[in-house]
Every structure is written in C-alpha cells, then in structure tokens.
Amino acid sequence: NHINGIIFQVCDLLLEDGKLSSPRNLKTMEIMNLWCTLTDPTKSICTIPDRKLSRKYLNAELDWYRSGDLSIEKIKEFSSMWSKICDDYGYVNSNYGYWAKHYKCNDYITQFTWCAEELFNDYNSRRAIINYNNADHKYEGVKDFPCTISQQFYIRNGYLDSVVLMRSNDLIYGFCYDVPWFTLLQKELAKLLNIEIGHYHHYAMSMHVYERHFKMISKIREQYNAKV
C-alpha cells in the first residue's frame with residue numbers, strides 16, 4: 001500500500017532475476033514486462049533512506065508539469081539532465097503536464113478534461129486516456145523520447161482506478177518521480193468526479209536501473225531484508 005514496498009520488491013527482483021542490457025551502450029539491469037499495483041495512491045512518495053529522494057526536485061518537477069512549459073529554463077536549475085536531452089532551442093517533449101492539461105485535442109479540450117467528461121457521461125467508459133508518447137515525437141535526432149505511453153482512468157465498483165503504460169522505466173530516476181505525478185492526476189480526477197480513489201496500476205515493458213545505481217539497489221534490498 002506504499003510505494004516503498006514496490007521499490008523494495010523491484011530491487012529484489014532486479015538482483016535475483018534481472019538481465020543485463022546495454023541500450024545506447026549504457027549498461028543496465030532490467031526486468032521485462034513488470035506489473036505492479038499501489039493500493040493506496042496517496043502514499044506515492046518514496047521515503048527509503050538509501051534512495052535519498054530529492055523532495056526539492058520533486059516539487060520543482062510537479063510545478064513545472066503544472067505550468068505546461070516545454071522549455072527547460074526553470075527545471076534545468078534543479079537537474080542538469082534536462083540540458084542533456086533538450087533540443088537546440090532548449091525545449092523537450094517530456095513535460096507530462098503539457099500533454100495532460102495544456103495540449104488540446106483537435107484544438108478543443110485538454111486530455112485531462114476529455115477523461116473527466118468521458119467518465120462523467122459514462123461511468124463504465126474505457127476511453128478516458130491521456131497519451132504522452134505520440135507520433136509527433138518520432139523524428140530523426142530526437143533526444144527526449146517520452147518514456148510514458150499512456151495513462152488510463154476507469155471506474156469499477158465505485159472507485160477510480162488508473163493504469164500507466166511505460167515503454168521504459170528507470171526505477172531510481174524515473175519511477176520514483178513519475179508515480180507522484182500520475183497519482184496526483186488520479187486524485188484530482190477522483191475529486192472532480194466526487195468518487196473514491198481506487199488502485200494505481202503500473203506496467204513497464206522494461207523496468208531497469210543503470211550501472212551507477214547497482215550498489216544503491218543492493219543497499220535498498222539489504223534494508224528490506226533487515227526489516228523482514
């Protein structure tokens with residue numbers, strides 16, 4: 001029921017069953033086709049000591065998402081990573097807030113509003129989807145190819161659940177900062193629809209860690225085993 005529990009278990013899975021892979025010549029340890037469920041989406045912020053999550057950066061990223069600004073001008077102050085993947089003009093594709101709450105479908109409504117209207121008009125709808133990675137991102141020389149494919153919302157048994165599909169997910173830098181955004185949208189939508197929040201489901205085609213974090217996940221697993 002807490003993201004910490006998922007991270008502990010994924011670290012264990014990576015160390016026990018992970019396979020080495022080197023996309024773009026970067027050594028990683030990965031598990032393919034990983035599903036996980038957070039039963040309480042209000043507990044989506046990692047507090048594992050060895051992970052040392054930066055709340056300052058997390059808050060800055062969430063604010064940047066809310067702004068919908070594709071420019072890295074503000075977020076680059078908190079992480080140099082964005083400067084490495086932006087285009088020549090200082091813009092990126094992975095401001096998730098832009099695609100969810102600022103980009104308008106057919107110049108009409110945002111994807112978040114689309115989801116709200118779909119579920120308001122039909123509680124059984126399967127169309128409440130936000131697309132993050134899309135055809136516009138497939139061009140030669142792209143550096144920032146969004147890791148998230150989509151987020152879907154659905155109502156079953158009186159609860160609002162959400163499912164996120166990832167083509168690629170770095171456990172340390174990706175998952176830990178992504179889930180708070182996705183669950184934030186889930187909570188906002190539940191409040192808008194006046195319905196109880198349900199479970200958060202997360203699927204990653206590749207859940208992985210880079211070589212620089214191999215020691216970190218070993219320490220996290222040791223901490224988990226000590227508690228067990």
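Author: Contact, the term needed first, means that heavy atoms lie within 4.5 Å. The model is predicted, so that local features need pLDDT of at least 70 and side-chain atom pairs count only at pLDDT 80 or more, while totals for chains, interfaces and linings use all residues. Residues are numbered from 1 along each chain as its sequence is written, and side-chain values use heavy atoms, with hydrogens and water left out.

Reader: Which residues does Ile 217 touch, if residues up to four places away in sequence are not counted?

Author: With those neighbours set aside, Ile 217 touches Cys 11, Leu 14, Leu 15, Met 29, Ile 172 and Val 209. Ile 217 itself has its place in helix α7, where a helix is a DSSP run of H or I with at least four residues, a strand is a run of E with at least two, and both are numbered from the N terminus.

Reader: Why does Ile 217 count as buried?

Author: Buried means under 20% relative accessible area, exposed means over 50%, and partly exposed lies in between, with a 1.4 Å probe and protein chains only. Ile 217 has 0% relative accessibility, and therefore counts as buried. Its C-alpha atom is separated by 41 Å from that of Tyr 123, a residue 94 positions away along the chain.

Reader: What makes Cys 115 buried?

Author: The relative accessible area of Cys 115 is 0%, and because this is under 20%, the residue is called buried. Cys 115 sits in helix α5 (residues 111-121), and, leaving out residues up to four places away in sequence, it touches Ala 128, Ile 129, Ile 130, Phe 153 and Leu 189. For one of these, Ile 129, the separation in sequence is 14 residues and the C-alpha to C-alpha distance is 6.2 Å.

Reader: Why is Gly 18 called partly exposed?

Author: Gly 18 has 23% relative accessibility, a value between 20% and 50%, and so it counts as partly exposed. Gly 18 lies in the loop between α1 and β1 (19-21), and its contacts, apart from neighbours within four places in sequence, are Leu 13, Met 29, Glu 30 and Ile 31.

Reader: How do you know that Asp 107 is exposed?

Author: The relative accessibility of Asp 107 is 75%, which is over 50%, and therefore Asp 107 counts as exposed. Asp 107 is in the loop between β3 (104-105) and β4 (109-110), and it has a positive phi of about 55 degrees although it is not a glycine.

Reader: What makes Asn 157 exposed?

Author: Asn 157 has a relative accessible area of 75%, and because that is over 50%, it is exposed. Asn 157 is found in the loop between β6 (148-156) and β7 (159-166), and its phi is positive, about 55 degrees, although Asn 157 is not a glycine.

Reader: How do you know what span helix α1 should have?

Author: The expected span of a helix is 1.5 Å times one less than its number of residues. Helix α1 (residues 3-17) has 15 residues and should therefore span 21 Å, and its end C-alpha atoms are 21 Å apart, which agrees. Among the buried residues of α1 are Ile 3, Ile 6, Phe 8 and Leu 14, and what covers the buried residues of this helix includes β2 (28-38), α6 (171-193), β9 (196-210) and α7 (214-227).

Reader: What does the span rule give for helix α2, and which of its residues are buried?

Author: The 13 residues of helix α2 (residues 55-67) should span 18 Å, and the end C-alpha atoms are 18 Å apart, so the two values agree. The buried residues of α2 include Tyr 57, Leu 58, Trp 64 and Tyr 65, and among the elements that cover its buried residues are α3 (81-85), α4 (96-102) and α6. After α2 comes Gly 68, whose phi is positive, near 70 degrees.

Reader: Why does the radius of gyration of the protein chain agree with that of a compact globule?

Author: The radius of gyration is taken over C-alpha atoms, and the globule rule is 2.2 Å times the number of residues to the power 0.38. With 228 residues, a compact globule would have a radius near 17 Å, and the protein chain has 18 Å, so the value agrees. The protein chain has seven helices and nine strands, and 49% of its 228 residues count as buried.
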